[in-house]
Amino acid sequence: MASRYQETYQSWKSDPMGFWQRAAHEIDWTSTTNQVFDPDAGQYGRWFPDWECNTCYNCLDRHVERGRPGQPALIYDSPITGSQKTYTYSELLSHVQAMAAVLSDSGISKGDRVIIYMPMIPEAVMAMLACARLGAIHSVVFGGFAANELATRIDDAAPKAIIAASCGIEPGRIIAYKPLVDEAIFQASHKPDTCFVIQRDQAAANIVAGKDIDLGAAMADALSSGRTIDCVPVKATDPLYVLYTSGTTGQPKGVVRDNGGHMVALKWSMTNLYDIQPGEVFWAASDVGWVVGHSYIVYAPLLHGCTTVVFEGKPVGTPDAGVFWRVISEHNVVSLFTAPTAFRAIRKEDPEGTFLEQYDLSQYRSLFLAGERADPETVNWAAEKLGVPIVDHWWQTETGWCIVGNPLGLGRLPVKPGSPTVPMPGYDVQILDDAGHPLATDTLGNIVVKLPLPPGCFPTLWNADKRFFDAYLAEFPGYYKTSDAGTIDADGYLSIMARTDDIINVAGHRLSTGAMEEVLAAHKDVAECAVIGIADELKGQLPCGFVVLKAGVSRPHSEIEAELIKLVRERIGPVAAFKIAITVDRLPKTRSGKILRGTMRQIADGEAYKMPATIDDPAILDEITSALAEHGLSKAS
Ligand code: COA
Ligand code: AMP
């Protein structure tokens, strides 16, 4: 089939308002106006101003009212606890109503913020939808972040309540969440009124009467008394959620997502990009703590009337490298979305793909990869073993959905290895030099998107319009700066080469080296430091910290390095995967004092590098090379 991509992209380009107005017909609105876009509102305009809707209604109620009450909405598959449970649309709606009733009884209402700190259990999804139902704004914090990170988010979002589970489960260990929540509330200046706790069998939390509420028990009461609660209409431009993501400092950015444009964009993507029909089973093997989890575990599949899978496990080790194939086969998954690192992990354990032989994957159609660069070896391996189209697509927490991809629903375009293919309608992607001039085809530069961003993308940062402007709009007037660098070829195919800031990508998780440097610099013995991301076969990148100790510190380096590793784990969390700290005498710098992190990374990755013309003392680069070799990290070819 010839792809309809070009004509679809052109139809958007020639009439962007009409394009999104037509897409908006897929959503149930409580009221609409004739204005699709207000260029004068917000930071760069707002989509669907004064339209009204409710995201939970569109995800649940309308499917129950119109033919899907008995269809599975959510399949919970937890190899780590050995349990499974399926909720039909009707059951999920009852549970969400029950949770919304409990939240409402505690005074949670439209516009209130609620932090959700939960593992991959159905109640995490219910909590998000219950907030959406009430018009409250949720902010999910990934379970692998430490109390200190949670405290930062509590202070920024000023939530009325926190919804937590008693514990999360990682291979070989149970992580009690409630002490982390209590510690975070202790550290934060803002104090939420209530902490709701879902008690799990693996570790019960200490519930303090008058402060904490046993959410499971309260929901059971609400369910048995058949409590219902109406969807609260909100403006399309009202926030649905705030999701914090790494910035260049320890202060994370609160990415705001609105209700209306978000639904329009996600619904469009399910048909046209992912090629999924309502009623089919779609699985995003991510976590609700990340944007992929928000968009493609929760909102998009449910908006589309699909069945979503909530998977509590890992690609390997729970119990083996065949678990993805088991889930696909057992639940009739038609499309899987995950990060390339998951496939690198599977390939490492089972290079021949022998586990695949045990499962019937005949209904399985496509694999979508995002979150980090999809290396051609992994893509080729997956294509060979699975025999389905492998679609690399590029997006960011900020955009909430794909910027550049291969739209299977419009007809697949030819694949060029290493390229996530072409811009989706809504995105006018360009490459500019540092001075803001357009660059020629195939020339590496800053990837920018001409404003306005399409529906679904963030309108601003939570309570931080100026930071939003400074971080994303100021450098290239009229454009959104993606902070990714890349090229566009003569066919309009994009390639993503690197970040232009200090963000690194570890196992598909976005981390700030600046935030890690802040932690290292806080250690009493550290004079200065630099954290870089070094190439890793499994996780893509790993953080590697170099520290220079204060004069007169005589303790063994190994002792201090162990303390630094512990400190990052305590302050940022295990997700930082910070396990390499190296003491050096000096850091390489330019004559003006700028640390040459790029050159250090090239040395660590064994890449050829040019001696920076402005380097202060070239001999320091040899010292870095030796220090890496002493730590067994020499990749010199
Ligand atoms: N709660 C608490 N701790 C968590 C956690 C959570 N939700 N998630 C991860 N961690 C911990 C891990 O246990 C690990 O701890 P350790 O240092 O004690 O071993 C640490 O954080 C680092 O986690 P991670 O980088 O994920 O490594 P891993 O070895 O546990 O797993 C992969 C590696 C590749 C299997 C895993 O990262 C993966 O499946 N990634 C792909 C899918 C994905 O989630 N992508 C994200 C966006 S699409
Ligand atoms: P996050 O906000 O966590 O989704 O991370 C976004 C960043 O991950 C992007 O800015 C890219 O640097 C990287 N990224 C995401 N998807 C891809 C992809 N398909 N190819 C290359 N890099 C990607």
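Q: A residue counts as exposed when its relative accessible area is over 50% and as buried when it is under 20%. Why does N463 count as exposed?
A: In this predicted model, N463 has a relative accessibility of 67%. That value is over 50%, so N463 counts as exposed. The residue sits in the loop between β24 and α14.

Q: What is the phi of N463, which is not a glycine?
A: The phi of N463 is positive, at about 55°. Most residues other than glycine have a negative phi.

Q: Why is D442 called exposed?
A: Its relative accessible area is 52%. The cut-off is over 50%, so D442 falls in the exposed class. D442 belongs to the loop between β23 and β24, and, although not a glycine, has a positive phi of about 65°.

Q: Why does T338 count as buried?
A: The relative accessibility of T338 is 5%. T338 is part of strand β18 (residues 333–338). Leaving aside neighbours within four places in sequence, its contacts are A285, F324, F343, L367, F368, L369 and A370.

Q: What makes the pair of T338 and A285 a polar contact?
A: A polar atom of the T338 side chain and the backbone oxygen of A285 are 3.2 Å apart. The limit for such a pair is 3.5 Å, so the distance lies within it.

Q: Why is V429 called buried?
A: V429 has a relative accessible area of 9%, and since the class takes values under 20%, V429 is buried. V429 lies in strand β23 (residues 429–432). Not counting residues up to four places away in sequence, V429 touches I403, V404, P423, I447, V448, V449, I488 and L494.

Q: How do you know that helix α6 is mostly covered?
A: Helix α6 spans residues 147–157, and eight of its 11 residues are buried. These are A147, E149, L150, A151, T152, R153, I154 and A157. Each of them is buried in the sense of having under 20% relative accessible area. They pack against β6 (113–117), β8 (161–165), α7 (177–187), β14 (239–245) and α16 (557–571). Just after the helix, A158 takes a positive phi of about 45°.

Q: Which peptide bonds are called cis, and what are their omega values?
A: One joins T318 and P319, with omega about 0°; another joins L451 and P452, with omega about 5°. Most peptide bonds are trans. P319 is found in the loop between β17 (307–311) and α11 (323–330), and P452 in the loop between β24 (445–450) and α14 (465–473).

Q: Why is ligand 1 said to lie between domain 1 and domain 2?
A: Domain 1 (54–313 + 393–419) and domain 2 (509–636) both give residues to the shell around ligand 1, so ligand 1 lies between them. The C-alpha centres of the two domains are 36 Å apart. Their contact takes 16 residues from domain 1 and 14 residues from domain 2.

Q: Which residues come closest to ligand 1, and how many surround it?
A: There are 25 residues around ligand 1, the closest being E170, P315, K539, R569 and K579. By class, the shell has 12 nonpolar, seven polar and six charged residues.

Q: What makes the pair of R569 and ligand 1 a polar contact?
A: A polar side-chain atom of R569 is 2.9 Å from an oxygen atom of ligand 1, and because the limit is 3.5 Å, the pair qualifies. A polar backbone atom of G144 is 3.4 Å from a nitrogen atom of the ligand, which is also within 3.5 Å. The protein covers 84% of the 930 Å² of accessible area that ligand 1 has on its own.

Q: How much of ligand 2 does the protein bury, and which polar pairs does ligand 2 form?
A: A side-chain N or O atom of R499 is 2.6 Å from an oxygen atom of ligand 2. Taken alone, ligand 2 exposes 490 Å², of which the protein buries 92%.

Q: Which classes make up the shell around ligand 2?
A: Three residues are nonpolar, five polar and six charged. Of the 14 residues around ligand 2, D392, T397, D484, R499 and R510 come nearest.

Methods:
Residues numbered from 1 in each chain as written. Chains lettered and ligands numbered in written order. Predicted model: local features only at pLDDT ≥ 70, side-chain atom pairs only at ≥ 80, totals over all residues. Heavy atoms only, no water. Near = heavy atom within 4 Å. Polar contact = N/O pair within 3.5 Å; in protein donor to acceptor, adjacent residues only side chain to side chain. Areas by Shrake-Rupley, 256 points an atom, 1.4 Å probe, with all protein chains shown as cover. Nonpolar A, V, L, I, M, F, W, Y, C, P; charged D, E, K, R; others polar. Domains from an automatic or database assignment. Buried < 20%, exposed > 50% of the residue type's maximum accessible area, 1.4 Å probe, protein only. Helix = DSSP H or I, 4+ residues; strand = E, 2+ residues; numbered from the N terminus. Contact = heavy atoms within 4.5 Å.
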